[in-house]
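User: Hi! Could you walk me through this structure with a few questions and answers?

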Amino acid sequence: MTPNSFISPQPAYVPGEPVERHVADEELVWTEDEQQQIAAFRAQYPTHDGAVMKGLWLAQDKFGWLPPEVIQFVAETLEIPYAKVYGVATFYTQYFKEQKGQFVLDVCTCFSCQVCGGYDILHYLEDQLGITKGETTDGGLFTIQEAECLGACGSAPMLQVTNGPYVHNLTTEKVDALLADLRAGNMPGFQSVTLPQDEDELGGNRRSDTDAVTTYQTPPVSETLH
Amino acid sequence: MPQVFIDGQPYEFEEGGKLLQFCLDQGIEIPHFCYHPALSVPANCRQCQVKAGLPARDRATGELVTDENGLPVINYFPKPQTSCSLDLVDGMVVHTQYDSEEVAAIQADNLEMMLINHPLDCPICDQAGQCPLQNQAYKYGPEGSRFEFEKVHKPKRVQLGPNVVLDAERCINCTRCTRFTAEVTESHQLSIVNRGDKNYPMTAPGQILDDPYSMNVCDLCPVGALTEDYFRFKARVWEMSKTPSVSDFGAKGINVDYWVRDNQILRITPRANLDVNEYWMPDAARLVYERYNENRLQGARVNGAAVAWETAYDEAARVLKDADGSVLFLGSAWATVEDNYLLTKLADTVGGEVLGYIPYHEEGRGDGWLISDDRAPNAQGCERLGIRALDASLLQSKLAGASVLYVLDDDPVAAGVLSGADLEGVTVILHASHATNETLPHAAVAFPAAMCVETIGTYVNEAGRAQRLRPAKMIRSMNRSLMMAMGTGQSRIDRGGTPFDRWHDVTNKVDCLPGWTVIPELADRLGRPMHYKGPERVMDELAETNPAFTGATYPAMDLLGVALEDIGEPA
Ligand code: SF4
Ligand code: FES
Ligand code: FES
């Protein structure tokens, strides 16, 4: 874009304009099990507002992403204003407001990852998949996104797969292996990354990729819901 | 009483308040954006920061710790505090930007940061001239910006709903607008979307901001991000005069400011009166502004022909004097207390009867808040003068034997209380504000009436609060009372006017007159002059003599009105 051809961006949904539907009304129902989960979320907080994030998360798990009708469905379920839930959903990048590929690869290019080659990894991925960041491959298998710090700077560069497992200490070979695994339908497992205090346990090797320690494991967030 | 020390000065305070509001009440200005007295306190703009602390006390004894000079040692908070959210505590010591360079620097830095992504398009922004961001950046901000990169771009010209337009680039994310819809109207139509420097208020997908009170967000918005659709690019703020008065939209008596340029009402905004409308007004009450400018009846008429006012007075007086049947009068819930009162006196003069006022009560129109069931502003004022809601069948039966019907500021045909046919054989004298008045074709004498924005007077709202009208725009023949009320001397126009001066402009003046000018003219000609020097004296007399108006003098009513004694239900 040349500097003078500026056109102001539009909001994602222009007020009052019809919104394209992606999920049919009859699909907008919770199963018995989901209803119980929602009841449990609500019980955790003094007001219904508190359950909004978990509610959205559950909905994203169920529908794959959060089109407006799903956001509205969550709002109605939790009896909180639609606009408010929409505001929360747009605040977090981990809530998908657009349809994504089956595997979303969030490549960190924030400071630590950047100096350790985060952009190289990002561009390598882009070359391999023939798309650029923000895009989804034709078959709908992969989406590449650029992410800010995901809190794993110690094992930079890294990426996250669909809000789930992290893949640490990336190299092009590891990217190739990851893509092959994912194409075969295998999600990477959770991998423990050690902290300085584990060094003794690991014989001084804290850049190890071994899944040696279990002490500090936390399961991926998506799994904590089930 | 507990005390707080602000910039070295002691102030006594009542327990339970916050520091910022207390300072504002004391006349100590501290810059702020997100704080609004009617909304919750999120402390998100960070503009109101001050340095604050408490005197140190010995933990063991509870005694104040003093330094070598015997002065108390103050334990300051390690970081500046947002005064809007800081509870006042006895003994608290506060340093504002007036006293502390550190605080002044913090506030300047905050403003510099706020302006990083602000478009600085003040020259084309409707808010310029009344913009807290502009004013406070000018007073407390840095001289320039160190930000040399392309600013973040956000949606502009977004029609959020029928009445409100958003320019997201100007937004500083104070959340006043979203808090208004969440806390005041509870329509929850707005929410801040997205994150960081890309966020702005927006409706949920597919929905619009159609809250009946939506335009209050434009008043709340401390920048030009939310503007009233009807007023965008109409006039610069400094080209308009702003007159505190009362809305004639319904019986609520909403306190407003009328914004005038070239003798046209361009905008109406709420004026704070915590006993009436707090800080708010409904959109519908703003959108009536064109009524005051358009289709106005101009110049006196006799039998439809334009005549000099004097001629019309003579004719009306003749009609009243020569009446061989009964003379009927209709008061008006649109006219002021003063005009209605003078009407009753005129009726006495000619031995006529005031039948009542036409009621505009519409069951279900109201919303239980600022929109009332009663469409007219002054039914209560009429009731207090003993003028009752008109019974249409009574009017029609009385019309049979009547020779004159005198109507103050109203339109009985359009109101449906009588038809043109009912007026056969009756001479009608009419005060009418609009050329579209449906009774006008039947009027023998028509006096164009000054509307609430052009007159001086009093409305009594449905809760019995007497409130003053002030003239906001000039009429063709300004008399001394109007001149004085508008704060200008007789000869100001030719001497001191500039093109931006409201007194300079002679266009768009409506050739009309208030009832308190016309009715005494008639009384003069009927040999019973009314010796009032203007409407203020009329009200003085009422306040003195009529218990339903006790205390309602102009000085007492001033800007916020006077709550009148309850007179009970009309008999
Ligand atoms: S639009 Fe105005 S009122 Fe709303 S958050 Fe932005 S600056 Fe505040
Ligand atoms: S910078 Fe990449 S995880 Fe922190
Ligand atoms: S006014 Fe205090 S933080 Fe905004």
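Predicted model: local features only at pLDDT ≥ 70, side-chain atom pairs only at ≥ 80, totals over all residues.

User: Which helix of chain B holds Q136(B)?

Analyst: Residues are numbered from 1 along each chain as written, chains are lettered from A and ligands numbered from 1 in the order written, and side-chain values use heavy atoms, without hydrogens and water. Helices here are DSSP runs of H or I with at least four residues, numbered from the N terminus. Q136(B) lies in the one spanning residues 132–140, helix α3.

User: Is Q136(B) buried or exposed?

Analyst: Buried means under 20% relative accessible area and exposed over 50%, with a 1.4 Å probe and protein chains only. Leaving aside neighbours within four places in sequence, Q136(B) has contacts (heavy atoms within 4.5 Å) with I30(B), P31(B), H32(B), F33(B), L111(B) and G141(B). Its relative accessibility is 8%, so Q136(B) counts as buried.

User: How many residues surround ligand 1?

Analyst: A residue belongs here if one of its heavy atoms lies within 4 Å of the ligand. The closest are C171(B), C174(B), T175(B), C177(B) and C221(B), and the total is 13.

User: How many helices and strands does chain A have?

Analyst: Strands are DSSP runs of E with at least two residues. Along the sequence, chain A reads α-α-α-α-β-α-α-β-β-β-α-α. That gives eight helices and four strands.

User: What share of the 226 residues in chain A is buried?

Analyst: Among chain A contacts between residues at least 6 apart in sequence, 61% join residues at least 24 apart. The buried share of chain A is 43%.
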